[in-house]
Amino acid sequence: MRIVLIGQAAFAKDTLSALIEKKENVVGVFCPPDKDTNKPDPVKSLSLEHSIDVLQFKRMRSEEAINTFKELKPDLCVMAFVTDIIPNEILEYPKFGTIQYHPSLLPEHRGPSSINWPIIQGKKTTGLSIFWPDDGLDTGPILLQKKVSIEKNDTLGTLYFNKLYPLGIEAILESIDLIRSGQALKTPQNHSLATYEGWCKSDDVKIDWSADKNSVFDLIRGSDPSPGANTRFENHIVSLFDAELQDQNSNLSPGTINQITDRQFSIAVKNGNIKVSRVKINSGKKINSGDFIKELNIIEGNRFN
């Protein structure tokens, strides 16, 4: 099959690498224009290494982008980390259509931050979907799905990079084989079960220290490494990372710093403590907790609010 890949960043690059290794016939790659000419998108660099045409358009809805896509005469389009709106003229043009990776068990968690929210909501499982995109937002029929467990210490980072990322690339390859053999399903989503969440932003992950310990911990780990669950200390916004939940109760008011070591500090929560190893102060870089303690002269008994 003549395959066209639309995507960007590391996930698209590693998807392309897997397609090349499998000797699939990738005839073109679409990725966004370079923000920095000295740092091209990794999927662009890999494409050029293998003499695959790279096409870059600011808007895939433009007539030029659509016509260029059609000129490649694709049998299948594969979408791997796409943030632009892809028009139906592209989605429906290939002989076998278009497939897309989405890191949730659709129809749950449609939208752009579909890995953050299951963790924040305290769920024990999530997964990924390979689906046939249509003119809705993550609403097309399902080709296949894979489940993964959310372990008690999983973060956004570990869940994605250790589980959903590699499994997603495997699922794309499996889907292509199913399409080639004529066994690919198109199972309609049950829209009555659909949930949608927008981008997970800093304002969405402000810590409420009066919440139960698991809710606070889930908020922190579901926002790590981005955008970072945050709280206030004096006039500063402090985001917390690399956290660990402990069950022992310090009997202090939630949000109170109750223990400080060279590398960590712990914060009282209802019926427990949360140890923190890295923080970010305001819009600065992430620093270890020891540097945070020194920079703001933190002492035991100080309280976040």
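Buried means under 20% relative accessible area and exposed over 50%, with partly exposed in between (1.4 Å probe, protein chains only). Helices (H or I, at least four residues) and strands (E, at least two) are DSSP runs, numbered from the N terminus. This is a predicted model, in which local features need pLDDT of at least 70 and side-chain atom pairs count only at pLDDT 80 or more, while totals for chains, interfaces and linings use all residues. Residues are numbered from 1 along each chain as its sequence is written, and side-chain values use heavy atoms, without hydrogens and water.

**Exercise 1.** Determine which residues of helix H2 are buried and which exposed residues lie on the face turned away from them.

Step 1. In H2 (residues 42-49), the buried residues are Val-43, Lys-44, Leu-46 and Ser-47.
Step 2. Viewed down the axis of H2, these residues fall within an arc of 165° (taken from the directions from the helix axis to the C-beta atoms), so they line one face of the helix.
Step 3. The face turned away from the buried side carries the exposed residues Leu-48 and Glu-49.
Step 4. The buried residues of H2 pack against E1, helix H1 (9-21), E2 and E3, where contact means heavy atoms within 4.5 Å.

**Exercise 2.** State the strand order of the sheet and identify its edge strands.

Step 1. The order is E3-E2-E1-E4-E5-E6-E7 in an open sheet of 7 strands with mixed pairing; two strands pair if DSSP finds at least two bridges between them.
Step 2. The edge strands, each pairing on one side only, are E3 (54-55) and E7 (142-149).
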